[in-house]
Each structure stands twice: as C-alpha cells, then as structure tokens.
Amino acid sequence: MNFIIEATLKAVKHLYQTDIAATDINLQETRKEFEGQVTIVTFPFTKFSKKSPEQTGNEIGEYLKNELKEIAAFNVVKGFLNISIADSYWINELYTAILPDDFAVIKPNGKKVMVEYSSPNTNKPLHLGHVRNNLLGFSVSEILSAAGYEVIKANLVNDRGIHICKSMLAWQKFGNGETPESSGLKGDHLVGKYYVIFDKEYKKQIEELKAAGQTEDEAKKNAPLIKEAQEMLLKWEAGDEEVISLWKTMNSWVYAGFADTYKKLGVTFDKFYYESDTYLLGKDIVDEGLAKGVFFKKEDGSVWIDLTAEGLDEKLVLRSDGTSVYMTQDMGTAQLKYNDYHMDKSIYVVGNEQDYHFKVLFTILNKLGKDGANGLYHLSYGMVDLPSGKMKSREGTVVDADDLMAEMEKTAKEQTDATGKVDGFSEEDKQQLYHIIGMGALKYFLLKVDPKKRLLFDPNESVDFQGHTGPFIQYTHARIRSVLNRAAIDEQGQEAYPALADEERDLIVTLTQFPEIIKSAAESYSPAVIANYVYELAKVYNKFYHERSILQAETEIAKQFRLRLSAASGKVINKGMKLLGIEVPERM
C-alpha cells in the first residue's frame, strides 16, 4: 500500500503546505463494519489543517480519489478516512503478485541467526513441556528463514551431571543387564524408568533414616544412594573408564529414542552441542572479567558480579573451590557458539522459569563487551497444563511426548472415522492421514497461542474440525484440492473479470497480507501470528466457497477466476502451515 502513503504525503503538502514523513501516516485495515479496505487515521493532520478530523479526512479523500485511479470511493467516520480500492487493483494483485511462484518469497538479508531449542536431559524421555519448546523453536527457525535470515538450528544436550548418574546407578543396581532390545522399550523410556526407580529407592532410604532419628535434610544428604550417585559423578569427571563406558552406552540408548521422537514431531537440527564438552568452558571468561573489573572476588575466593545497579542482585560466577556454576558454563557456551558461527542474533528457546537467569547472563556478556552480546534474545514461553493438572517428572506421572503423540493419532482416528469421509481410503492412507491430522492438531493448538502465555492443552478440543484448530485449516486445504482436482485451470486465459463479489475481494485482500505477516511473525518471534492469519484465511475462503459457486459458476470467466483464487488460497495455506511445521493433506 505504498502508493497510498506516497499520495497522502503529496495530499498533505498540496492541501496544507506541510512536509511530513511516511512514518507519520498511520494506515490500518478498515474495520469490518465500514466500507473500504484501507483506513488512514486523520487526527494527526488536524494540527496543520486547522480543521476538524472529519473535514480533514474529506479533503484528503477527495484529493486521493482525483489523483489515483486505484481508489474507487471513500467515506469518513470521525477521524478515520476509509478507502475503497478499485476491483481492477485487487484483480491485478491476484494475477501479478499472488499467483506467481515468488509470492511471499523474501530475499536473503545477509544476516545469520542461531535458534537454540529442545535442550533435553539424557535421563528421561521428552515430555509435553519439551513438545512446546521443540515446536516453538522449529517454527521460529522456519519463519526466520522465510523472512530472509540464514538460520542455524542448535540443540544443547544436557548429557552430564548428577541426574544422569542417578539413572546410571539405578540401572547398575536394579537393571539386571536390561537393554532396549531385551525390554522392547525405547532407549529414552528405559533410562527414564531407572531415573524413577532411583527416586523411589532414595525416598525409601530417606524414610528409614528419618525413622532412625535423622531430620529430613540430614536424611536427604546421608542416604547411601545419593552419596553413591555423587561419587559416580566425581568418577565421571575424573574420566573413570567403567563409568564413562556405562555413560556412553546409556546415552546412546537415549539418543536413539530422541531421534525417533524428533522424527515424529517433525523437527530437525543443524548443530548439536553437548554439556559434557562445554561444562568446563567459561573459566577463562571469569579471569577476563576479573581483569576488567567487571567481576570481584570475595574473601573465600568465590567470584561474583554486582548487578544491583541494573535492578538485579549479586550473582555467583565461580565457587570458592574453583568449580563452575551454570552461569559460568552459559557464558562459555555463548562464546563458543559465537566463535563457531559469528551470528547476528542468538535466540534461546527456554521456559519462563529461567527469565531471571537469562537477564543476568545477557547483562554479564554486555558488560564484558562480548561480540554478539547485543544480538542475544530469550524466547521465553509458559508452562503447558493438561486438564488433569501440572506435569511432574520424577514421580513417573509425566505426560510423555511419545504417549501424547500416540493419543493424538488415536483421537484424530476417532474424529475422522466418525465423519464417514475416509471409507474409500486404503489402510495405509488412513494411517498416514491420522498422523497428519493428529500432529496438525497438537502443533496448531500449541502454536496458536502467544509463546509467553501459559496454556491448557485439551486433546479433544484440538481435533475439532469446526473449531479454531489445525484440522479445520487442513480440512479447508483438502476442500480446495478437491475443487481443483475436478476442473482444469485454463493457463492461457486471464480474461478481464467484470466485478468482484464481496467474498472474492475479501479473499484477495487477505491473501495480499501474507508477506507482511511473515515479517511481523519474524520480528516478534511468534508463530501465533502465522497460525492466526492462516485460520483467518481459511475462514474467509470457506465463506467464499459457500457463497459463490465455483464449478457451477454463472460464466466460464467466473469459473476460471474462482479456480485461480482457490489455487492461490491453497498455496498460501500450505506455505503458512509449513512455517508451523504442519502438513496439509490433499484429501480428507
């Protein structure tokens, strides 16, 4: 709509002898209850027109109508100038902008961005919280790529530490050599099983020690199992061959399990980092911070940074015994990632319980003057709840990602079979469709909400074919494919279309917004912007489909035009859903 902005600049200059900037013009989409497609807010212009907002709007409207053939009419409501753009403009947009292959293809901007997401622990399977993380990270990566960035999808795996040793120790004591092959369990589930066993046995020991007169805190520290796990961690750090060998074996089981889950989820990574390689990093940065006077040493030898002036508090960056804390590792890992890729932006997809940690980390790296520190961003997201309450991990009541996906496919099967529309499908096609619908339902439900908001995931609601859901949009795409399969588009003919019906115009207007929607989603790191746009587009298409006959159109020209409009809608729905990591079926 740049032509309207340019003409408005001229109008203000001509009518009021005033030069203003393009940024002073506030263009909005016209509200549904008024005539028009584009609205100019006229209140800011009254200071130099010296007239009421209505009069100012009428004068600018008259000028634009006389100067621009694209403007068919205008109306003024209080301080809002609503402009109706001529049908010829929208028809031309469909043919010259939307239908060509390069529609919404944004040129590379020469900038590099890393999106770090997933970051699982190798002591248990992925759960519902990880699902939101993975889907967010993957979708934001796809959106940034579509917006012209070179994107590196990174996964920092937490593959070491006391939690891993708990699973290893429980397997050693209670496992009887059990393997994924012998048990028939996925590797991550098998290792997770021993994490739960450790916790149960540890709790038993705590109760025994309490019965013998120890306090809760003493019992937690003195339980033999936790002491053995701590000893195992020290052996791992010392490079003990037997411990390292078991660690490698059990982690390999977990990675095989994760790979399977990632594949089902449809997420991928370009680079894996492992905490076992990075946990010692960052100590050189502590030395650098001391030399620069950014950090200070306390009497016990521990190293701190004082961030009270930044509204934060004092933060430990190195313990008195010289060992790292998480902050030390994260400083080192940030440096490592920057050294590897020299990216302009680095995005961390991590839950909102870590908000404070990342504020501190980014402030430290900025105070140290680190390269890339200005490009750091924490994409914080809220917890996912199920109707039955919050997820837990160690008690074995966690909502497992694999179980959740299986449940989604089952729900999709029940809902789809109830429609009676898949009776002619082969068994293989049906299974594929249940997977596409189930995963589409899950992904869309988790991505349509602003990432920062906590959400309640309802599996049944997410598969509703008539609701604000992925399956509703998938069904719309299948409907479009069905129309296009029943009639051929005449590639030669683009005959002049006499006048647009309201539903046709609304559909073209909605389609033209797609490139700006991609940019907006990229700027806000929010797949919800894409998700809600595609839903709106599906609704507008369905209204057009119900109100205007396509295959039985009144003329061949109308039929061809509506087929093209359907093809354009299908293309944009497909591309939009792809940015969310969602497949759209050809038929349903």
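Charge first: in this predicted model, the chain carries 71 positive and 87 negative side chains, and the centres of the two sets sit 2 Å apart. The exposed surface comes to about 27,400 Å², with carbon and sulfur atoms supplying 49% of it.

As for the overall build, the chain has 23 helices and 14 strands, and its C-alpha trace spans about 90 × 65 × 40 Å along the principal axes. Of the 588 residues, 53% are buried. Look at contacts with a separation of 6 or more, and 73% of them involve residues 24 or more positions apart.

Now to the sheet. Five strands line up in the order E7-E6-E5-E11-E12, making an open sheet with parallel pairing. Strands E7 (271–274) and E12 (376–381) each have a single partner strand, so one side of each is left without a neighbour in the sheet. From one strand to the next, the twist averages 25 degrees.

| Helix | Strands involved | Angle |
|---|---|---|
| H14 (residues 326–341) | touches E5 (112–116), E6 (150–157), E7 and E11 | about 150 degrees with E7 |
| H15 (residues 355–367) | lies across E11 and E12 | about 180 degrees to E12 |

So which strands does helix H14 touch as it packs on the sheet? They are E5, E6, E7 and E11. Helix H15, for its part, lies across E11 and E12.

Terms used. Residues are numbered from 1 along each chain as its sequence is written. This is a predicted model: local features need pLDDT of at least 70, side-chain atom pairs count only at pLDDT 80 or more; totals for chains, interfaces and linings use all residues. Side-chain values use heavy atoms; hydrogens and water are left out. Helices (H or I, at least four residues) and strands (E, at least two) are DSSP runs, numbered from the N terminus. Buried means under 20% relative accessible area, exposed over 50%, partly exposed in between (1.4 Å probe, protein chains only). Contact means heavy atoms within 4.5 Å. Accessible areas come from the Shrake-Rupley method with a 1.4 Å probe; for residues, only the protein chains shown count as cover. Lys and Arg count as positive and Asp and Glu as negative; His and the chain ends are not counted. The place of a charge is taken as NZ of Lys, CZ of Arg, CG of Asp or CD of Glu. Two strands pair if DSSP finds at least two bridges between them. Axes are lines fitted to C-alpha atoms, for helices over the stretch in contact, and angles run from 0 to 180 degrees between N-to-C directions.
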